[in-house]
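Please open the structure in your viewer and keep the selection panel at hand. The stops below proceed from the whole chain to individual residues.

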Amino acid sequence: MKPLNPTDQLFLWLEKRQQPMHVGGLQIFSFPEDAPDDYVARLAEQLRENTGVTAPFDRRLNSRLAQPVWVHDSHLDLEHHFRFEALPTPGRIRELLTFVSTEHSHLMDRERPLWEVHLVEGVGHRQFALYIKVHHSLVDGISAMRMTQRMLSTDPSKRNMPPIWDLSTRPGRHEGVSQPSLWQSISHLLGISGKQLGTVPTVTRELLRTINTARKDATYNSLFQAPRSILNQKITGSRRFAAQSYSLKRIKAVCHAYGATVNDVVTAMCASALRTFLMNLDALPTKPLVAMVPVSLRKHVSSADGSVEGGQSEGNQVGVILANLHTDESNAGARLQKIHQGIQEAKDRYAHMSAEEIVNYTALTLAPAAFHLLTGLAPKWQTFNVVISNVPGPKEVRYWNGAKLEGMYPVSIAMARLALNMTLTSYNGQVEFGLIGCRRTLPSLQRMLEYLEDGLVELEQGAVS
């Protein structure tokens with residue numbers, strides 16, 4: 001028996017029919033060169049033989065003294081959790097994304113362990129896909145990525161590899177976690193310790209400085225400044241998932257031209273896509289949109305592309321930044337420069353703060369957003385409009401039972417009053433975008449992929465000129 005911590009309980013409490021609280025991942029593989037045509041069917045049979053289920057996949061919810069706990073499920077039905085399926089013809093990526101959109105819309109049965117693995121055949125010519133979804137109360141995004149990487153190999157000749165539910169050893173859930181979620185930050189604030197209490201003077205001073213600066217500069221990233229938009233209204237339970245890969249080499253060339261980081265450029269791509277998408281719906285707010293962006297704060301740390309962003313090795317690793325996306329700026333290059341400046345100012349604000357001070361500052365600045373997301377009672381407290389998150393993935397080519405991993409795309413969570421989540425990961429010289437949104441609130445979400453490409457092209461053209 002294992003009690004759920006407050007953050008994990010919050011994911012359960014937040015879940016409603018229109019608001020599933022699971023995260024997922026889509027992986028696309030190519031057949032091994034010597035594989036027969038029925039390779040995927042044989043793989044499915046092999047996986048069904050892996051009846052051993054290790055933690056946390058062997059746990060289901062229970063209650064002790066009115067508190068939720070994880071208990072071992074001694075009657076786990078693997079056929080319910082592992083499903084072998086085929087796309088309808090013609091088996092294009094469009095059909096695969098539609099499949100993921102539908103499956104990601106469905107709530108999971110709380111009487112069973114909260115995970116599913118879908119092996120999908122018929123994806124184009126000699127390709128197949130793996131779609132995994134796990135409730136956010138069971139794992140976080142970083143833990144899910146770590147589990148996925150442990151399932152894969154750099155050796156294309158390796159066979160009889162276990163599935164994600166049957167990995168013999170696994171690190172602690174939060175070991176090495178490098179990105180705090182909104183709810184983890186709020187939980188730190190609610191569970192303030194004596195050590196954290198000592199951060200109050202610094203945190204208060206920085207909050208006052210932020211507010212005072214905002215009074216003098218309307219573009220400064222301050223509390224409550226995000227405009228109301230169609231991104232921030234009630235949603236349905238139906239989801240649409242869109243995914244696309246972009247060359248990291250192209251993105252790094254833009255970084256070099258503008259003196260920006262990879263995180264700056266992908267944030268600017270998202271800003272450009274949002275601007276075009278909302279303009280076409282005649283729904284672009286006059287004021288610029290604001291994104292919640294987890295960013296690296298360490299002076300000497302590898303970024304998503306594996307490059308070093310230079311300086312000392314001391315310092316805090318991550319902070320949550322409210323990034324002004326400058327969607328009121330029509331020039332893509334100028335927009336990137338403003339985004340870079342805003343994110344750098346936020347990093348500088350954190351530079352002299354301790355880890356505890358950063359956690360508490362983040363929690364306080366996000367508290368209004370949390371209150372509005374939880375209750376909907378404070379529509380004027382729109383702290384941010386969208387989440388843009390980057391989860392680092394493998395740098396080298398990976399294989400699973402000889403099949404080459406061609407792409408991996410994160411599938412995150414959309415919520416009431418937060419209808420779009422833009423998550424990306426890096427893999428083998430690519431940046432993989434996964435967009436999840438409410439199907440009704442954001443019609444034709446897949447067009448955002450074209451607009452991301454357009455945004456990158458604009459930056460490349462501006463770099464040349």
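What percentage of the residues of the chain count as buried? Of its 465 residues, 56% do, where buried means under 20% relative accessible area with a 1.4 Å probe, protein chains only. This is a predicted model, in which local features need pLDDT of at least 70 and side-chain atom pairs count only at pLDDT 80 or more, while totals for chains, interfaces and linings use all residues. Residues are numbered from 1 along each chain as its sequence is written, and side-chain values use heavy atoms, with hydrogens and water left out.

Colour by secondary structure: the chain has 13 helices and 15 strands, taken from DSSP runs (H or I, at least four residues, for helices; E, at least two, for strands) numbered from the N terminus.

Select helix α5, residues 141–151. Among its buried residues are Ile142, Met145 and Thr148. Their cover, judged by contact (heavy atoms within 4.5 Å), includes strands β7 (127–135) and β13 (403–411).

Move to Met415 in the loop between β13 and β14. Met415 is buried, at a relative accessible area of 5%.

Finally, select Leu452, whose contacts include Tyr246, Met269 and Phe433.

Methods
Buried means under 20% relative accessible area, exposed over 50%, partly exposed in between (1.4 Å probe, protein chains only). Lists of a residue's contacts leave out its neighbours within four places in sequence.
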